[in-house]
Amino acid sequence: MATANGAFGTPHEPASDTTLKPPTAWKERPQTLLTRGKAKGYRVVWDPDLDGKLSKEQRKSATLRKRDCGTECRTEDRLSKAIWRPAPYNLPPCKVDRHSIGPGEAQQVVVIYFDAFLSGSVSKLSFSTYGSVVSIQHKADPETGSFLGIALIKYRNVYRDELDCTAVESAKRAEAESDGRRIRVHTVKVEVDREGRRFKKYVDHALKKAEEERTKGKRASIVPAPKSGYEDSRRISSPTSECAQGSVLEVFCPSGLQRDHE
């Protein structure tokens, strides 16, 4: 647009409306899952084309019979068929065969609570009835040298009486038949120990208990300090060079004893 002096000017534009307009209503987001109670589909209950009893004219006039599916909902009064299991299943251990990987089943047993003075030959004779014993490992207290009454007995595979006697079967028999058995004057406890962890646990517990008993005995053997009134009774000073020259030793007595002597 030309002005009076020949310049061109821009047309006047009204100012933009700064008032806030209320937001439009939010559109409900479409749900992919159908709401409860709404049919998810239908199931054909009866199809005339598959019914061989109908004639050709009857099939043309007949219609499909449908039934809605997916409308089933669990109500409060309906008993649930689910079983509440607060803990997982206690599955039995898998049997070890030639396809298994790992150390296999236990071939040794740990024996506790037996006589600490029992010789190794007697203990070996007691447990050799279940299989061939390879070694018996006794544990002793490193401080006193006395046995703790804990032993680890290991078996091996042998061929006895035309039968294969495996180390695993020997260990299981020893646990089943010797657990709670009385040997001499003690009732022993036998458990299978595959890797020796139970044996180490029992030994550590026995050593810790023995150390606590020794510490308790040392504390009880300490004589308490005398009272302050009798500290100087019958106390003789240590000999010095002056005593060697003929000086008299000083004898300290309590004041009460000194009065009685006077």
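Predicted model: local features only at pLDDT ≥ 70, side-chain atom pairs only at ≥ 80, totals over all residues.
**Strand β1.** Select Tyr42, Val44 and Leu64. Together they make a nonpolar surface patch of about 290 Å². Val44 sits in strand β1, residues 41-46. Its relative accessibility is 41%, so Val44 counts as partly exposed.

**Asp115.** Next, go to the loop between β3 (108-112) and α2 (120-127), where Asp115 is found. Asp115 is buried but has no salt bridge. Show Arg184 too: this nearest side chain of opposite charge is 5.1 Å away.

**Helix α2.** Select Ser123, Ser126 and Phe127, the buried residues of α2. Look down the helix axis: they fall within an arc of 85 degrees, so they line one face. Then pick Ser121 and Leu125, exposed residues on the face turned away from the buried side.

**Salt bridges.** The model has nine salt bridges. Start in helix α3 (residues 167-178) with Arg173 and Glu177, four residues apart. Their closest N and O atoms are 3.8 Å apart. Arg173 is partly exposed at 38% relative accessible area, and Glu177 is partly exposed at 47%.

Move to Glu195 and Arg197, which meet in a salt bridge at 3.0 Å, N to O. Glu195 is partly exposed at 43%; Arg197 is exposed at 64%.

In helix α4 (residues 197-221), select Lys200 and Asp204, about one helical turn apart. Their salt bridge spans 3.2 Å, N to O. Lys200 is exposed at 52%, while Asp204 is partly exposed at 39%.

Finish with Asp141, Glu211 and Arg214, linked in a network of salt bridges.

Terms used. Residues numbered from 1 in each chain as written. Heavy atoms only, no water. Helix = DSSP H or I, 4+ residues; strand = E, 2+ residues; numbered from the N terminus. Buried < 20%, exposed > 50% of the residue type's maximum accessible area, 1.4 Å probe, protein only. Lys, Arg positive; Asp, Glu negative; His and termini not counted. Salt bridge = Lys/Arg side-chain N within 4 Å of Asp/Glu carboxyl O. Patch = residues over 30% accessible without salt bridge, like charges linked within 9 Å, V, L, I, M, F, W, Y side chains within 5 Å. Areas by Shrake-Rupley, 256 points an atom, 1.4 Å probe, with all protein chains shown as cover. Arc of directions from axis to C-beta.
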